[in-house]
Amino acid sequence: MRRIDHTKTPLFTALKEHMNKDVIPFHVPGHKYGRGNPELLEFFGENTMKADVNGMEDLDNACNPISVIKEAEEYAADAFGAEEAFFLVNGTTSGIQAMIMSAVRPGEQIIIPRNAHKSTIGGIILAGAIPIYVPSEINEELGIAMGVSAGVIKKALEIHDFAKAVFVVNPTYYGAVSDLKSIVRSAHRNGTAVLVDEAHGAHMHFHDEFPLTAMEVGADMSACSTHKTGGSLTQSSILLLRGNMIEKEVVKQVLNLNFTTSASYLLMASIDTSRKLMATQGEAMLTETLELCRYARKRLNEIDGVYAFGRELVGTPGCFDLDETKLGIHVRRLGITGFEMEKILRKEYNIQVEMSDIYNVMAIITLGDRKEDIDKLVDAVADIAKKQGVHEVKNIVYMPDMPELIVSPRDAFYSPKRAIPLEECAGHICAEMIMAYPPGIPIICPGERITKDIIDYVKLLKEEECQMQGTADPYVNYIRVLGRSVGE
């Protein structure tokens, strides 16, 4: 096998060469290098508009790559320790759905943790799979879901030994990592494929002080959001494949079912340059990133009433390892919710964190962060803490029990539905997802029975003005349930 020179960018270089040729465009996109949209041209600039092209001979075609895109994907596979890589332009959502559809057929079982992203449920609906939900560990002090225990997965495989796939999140939104190596060993002994959502772990392969990745421990497929932590443009991701449990040809067929025939060269070229950066400079840059993370935690933990949790969690239930770039800040003792903290930081200090929940806010530290920005965040938190004071607030962490699956998600998706008030939903079978976004983890999924606890939890999130998604009613006052309306 030829040695890869990661200083090269096959696709990005081809794109620049094409732009320099000044080809007369009688092809889409219709803006024709921006001339058809002067306002956009002025704002984004000539290079951006000239790079927004479509597939042609010298630029290859994303749906059936045979030249520069294929070569760029080979470079990515080598960089991330995979045997095959596929560029994605619809985010890791499309990669997660492709993984599930490639590994599980209609009616077959897939074991998944309850804190999986909503795209996982979408993939299950598309595949017609039957989910076997397993609980994630809960850190009650912080009020957050952690990873899934390897023992829980092993037990689920013993009970559901015909399951075709196990799905794992690596890392979780807050950085918790499961014992992925043990999970892979248990699954492969059972002949079960392992699919990994690494949306927030695209950087982890490139520095030894980060948790092991799916490809490093022998998982079959993973999907990585290079745009989240790898430096590429928003919506760009990669799908990684290794081993022989899932055929490359099957994956390509699945991708071509919903892959656009007009893939953005801006997005794909950004993956190519991101791969070059991580492969050639990632270790040094991530060393600096880790130093910033540790500096931030140290300073934050000197503030009364604030707790920036970190590696001390390793070894607790659901936390086999931790990605330190997820800077979780626990604010319960300040007498405010994480939702309130996020709003104060944005409105009064011009700082936007990644997400918030009842007790926490979370900032993601990446290759692009600077010490002066870290200082501004820490100083803002310190100022808020000084104004708020420290309170001995009782921990009222409240998470409803995992609901009962009554109907398969696919059957629920295609069944007749009717909308009823949220307060009247208890006992009905949900026909849609309800989730707080971010992180996009469903509180309830299609086909599950709605309980009073779930209704109360949704009301609590609504009172805190948490952004809710997944329902036809944007205000979540009405929920669609299975069954026909009166008169139908």
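Q: Which residues do ring pairs link into a cluster?
A: In this predicted model, ring pairs join Y174, Y307 and F309 into a cluster. The structure as a whole holds five aromatic pairs.

Q: How is a pair of aromatic rings described, and what are the distance and the angle for F43 and F44?
A: In general, two things describe a pair of aromatic rings, namely the distance of the centres and the angle of the planes. For F43 and F44 the centres are 5.1 Å apart and there are 80° between the planes, and this aromatic pair is edge-to-face. The rings of F413 and Y414 have centres 5.0 Å apart and planes at 85°, so this pair is edge-to-face.

Q: Are F43 and F44 buried, partly exposed or exposed?
A: F43 has a relative accessibility of 67% and counts as exposed, while F44, with a relative accessible area of 43%, is partly exposed. As for the other pair, F413 counts as partly exposed at 42% relative accessibility, and Y414 counts as exposed at 59%.

Q: Which residue has its charged end over the ring of Y133?
A: That residue is R114, whose charged end sits over the ring of Y133 at 4.6 Å from its centre.

Q: How many residues does the largest nonpolar core have, and which have the most contacts inside it?
A: The general idea is that, in soluble globular proteins, nonpolar side chains tend to be buried together. Here the largest nonpolar core has 59 residues, and I111 and M268 are those with the most contacts inside it. Helix α11, which covers residues 265–300, supplies the largest share of this core, eight residues. There is also a second, separate core of 33 residues, which includes I100, I125, L239 and M435.

Q: What does I111 touch, not counting residues up to four places away in sequence?
A: With those residues left out, I111 touches I132, V134, I153, A156, L157, A163, A165, V166 and F167.

Q: Which residues of helix α1 are buried, and where do they fall around the axis?
A: In helix α1, made of residues 10–20, the buried residues are P10, L11, A14, L15, H18 and M19. When one looks down the axis of α1, these buried residues fall within an arc of 165°, so they line one face of the helix. What covers them includes α3 (46–51), α4 (68–79), β1 (84–88) and α11. After α1 comes D22, whose phi is positive, near 50°.

Q: What is L11 in contact with, leaving aside its neighbours within four places in sequence?
A: L11, which is found in helix α1, counts as buried at 0% relative accessibility. Apart from those neighbours, L11 is in contact with L59, V68, I69, A72, F87, Y265, M268, A269 and D272.

Q: How many residues does helix α12 have, and what does α12 reach from its first C-alpha to its last?
A: Helix α12 (residues 338–349) has twelve residues and reaches 15 Å from its first C-alpha to its last, which is close to the 16 Å expected at 1.5 Å a residue. The buried residues of α12 are G338, F339, M341, E342, I344 and L345, and what covers them includes β14 (355–356), β15 (360–364), α13 (371–388) and α15 (452–463). N350 follows α12, and the phi of N350 is positive, near 60°.

Conventions:
Residues are numbered from 1 along each chain as its sequence is written. This is a predicted model: local features need pLDDT of at least 70, side-chain atom pairs count only at pLDDT 80 or more; totals for chains, interfaces and linings use all residues. Side-chain values use heavy atoms; hydrogens and water are left out. A nonpolar core is a set of buried Ala, Val, Leu, Ile, Met, Phe, Trp, Tyr and Cys residues joined through side-chain atoms within 4.5 Å. Buried means under 20% relative accessible area, exposed over 50%, partly exposed in between (1.4 Å probe, protein chains only). Helices (H or I, at least four residues) and strands (E, at least two) are DSSP runs, numbered from the N terminus. Contact means heavy atoms within 4.5 Å. The arc is that of the directions from the helix axis to the C-beta atoms. Rings of Phe, Tyr and Trp (its six-membered ring) pair if their centres lie within 6.5 Å; planes under 30 degrees apart count as stacked, over 60 as edge-to-face and the rest as tilted. A charge sits over a ring if NZ of Lys or CZ of Arg is within 6 Å of the ring centre and within 35 degrees of the ring normal. The expected span of a helix is 1.5 Å times one less than its number of residues.
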